[in-house]
Amino acid sequence: MTNSDLEVSPTLPTAEEEDRFWALVEQAWAGLGPEQAVLRRALVDRDPAHDDGYAMDRWLDPFVAELRRLSTELPRAELVALDRVVERKLYDIDRADIHEITDGSDDGFLYARGHIVALGREFYEAVKANPVTAVPDAGCEGFCYLFSHLHHERFGDWPDTGSGISRESCTNPAGWADA
């Protein structure tokens with residue numbers, strides 16, 4: 001048996017897990033009423049040179065609270081799967097070009113990436129494709145570890161996502177290759 005036989009492939013989120021995650025994010029936003037939908041759409045369409053993008057700030061804490069409420073009774077496996085999706089989404093946008101727009105320390109950049117993911121799939125994909133879409137100095141700290149904290153509260157341990165990656169800043173080598 002070789003060392004490569006002992007290596008375990010990282011667990012990636014499935015398409016179903018990602019769809020469930022994005023649906024839950026949208027459900028949480030929908031629970032806050034229609035105004036936030038208009039503002040989130042405007043973030044995607046705005047001209048970052050002429051719009052600071054901070055209209056969503058007052059909605060972030062209520063969003064996190066609603067997402068927490070919707071997720072509190074989820075079973076262990078689903079919390080792990082949701083945490084794995086968050087971890088992957090944060091990792092995939094752990095890039096120097098996005099950091100250049102959002103700025104921030106290591107923690108600040110994590111929270112900026114949390115902001116990007118928390119605003120939903122459309123905004124996430126827009127920033128991933130064109131980092132200038134990101135909002136400078138914005139953050140959503142409470143979102144970054146929401147599912148892992150719920151898992152810990154309910155089951156007494158931290159979820160093992162099996163991903164082999166970290167959501168922490170500057171850990172995605174591909175995102176920092178030219179930095």
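Is Asp83 buried or exposed, and what is its relative accessible area? Asp83 is buried in this predicted model, with a relative accessible area of 2%; buried means under 20%, exposed over 50% and partly exposed in between, with a 1.4 Å probe and protein chains only.

Residues are numbered from 1 along each chain as its sequence is written. As the model is predicted, local features need pLDDT of at least 70 and side-chain atom pairs count only at pLDDT 80 or more, while totals for chains, interfaces and linings use all residues, and side-chain values use heavy atoms, with hydrogens and water left out.

View 1. Helices are DSSP runs (H or I, at least four residues), numbered from the N terminus. Contact here means heavy atoms within 4.5 Å.

**View 2. Packing of helix α5 with helix α10.** The axes of α5 (residues 76-92) and α10 (residues 146-155) come within 8 Å and cross at roughly 155 degrees. Axes are lines fitted to C-alpha atoms, for helices over the stretch in contact, and angles run from 0 to 180 degrees between N-to-C directions. The two helices, α5 and α10, are therefore roughly antiparallel to each other; angles over 145 degrees count as roughly antiparallel, under 35 as roughly parallel, 65 to 115 as roughly perpendicular and the rest as oblique. The crossing of α5 past α10 is left-handed, a term used if the near helix is turned anticlockwise from the far one by less than a right angle, with right-handed used if clockwise. From α5, Arg76, Leu79, Val80, Leu82, Asp83 and Val86 meet Phe147, Ser148, Leu150, His151, Arg154 and Phe155 of α10. The residues of this contact comprise seven nonpolar, two polar and three charged. Ala, Val, Leu, Ile, Met, Phe, Trp, Tyr, Cys and Pro count as nonpolar, Asp, Glu, Lys and Arg as charged, and the others, Gly among them, as polar.

**View 3. Buried residues of helix α10.** Leu146, Phe147, Ser148, Leu150 and His151 are buried in α10. The buried residues of α10 pack against α2, α4, α5 and α9 (141-144). Just after α10, Gly156 takes a positive phi of about 80 degrees.

**View 4. Packing of helix α2 with helix α4.** The axes of α2 (residues 15-30) and α4 (residues 57-71) lie 8 Å apart, and the helices pack at an angle of about 120 degrees. That angle makes α2 oblique to α4. The crossing of α2 past α4 is right-handed. Leu24, Val25, Gln27, Ala28 and Trp29 of α2 make the contact with Trp59, Leu60, Phe63, Glu66, Leu67, Leu70 and Ser71 of α4. Nine nonpolar, two polar and one charged residue form this contact of α2 with α4.

**View 5. Ala112 in helix α7.** Ala112 lies in α7 (residues 106-118) and counts as buried at 2% relative accessibility. Ala112 touches Thr102, Ala138 and Gly139, not counting residues up to four places away in sequence. The C-alpha atoms of Ala112 and Pro136, 24 residues apart along the chain, are separated by 8.1 Å.

**View 6. Cysteines Cys140 and Cys170, with Cys144 as the closest cysteine to each.** A search of the whole structure finds zero disulfides, a disulfide being a pair of cysteine sulfur atoms within 2.5 Å. The sulfur of Cys140 is 6.8 Å from that of Cys144, too far for a bond, and Cys140 is buried, with a relative accessible area of 4%. The sulfur of Cys170 is 14 Å from that of Cys144, too far for a bond; Cys170 is partly exposed, with a relative accessible area of 42%.
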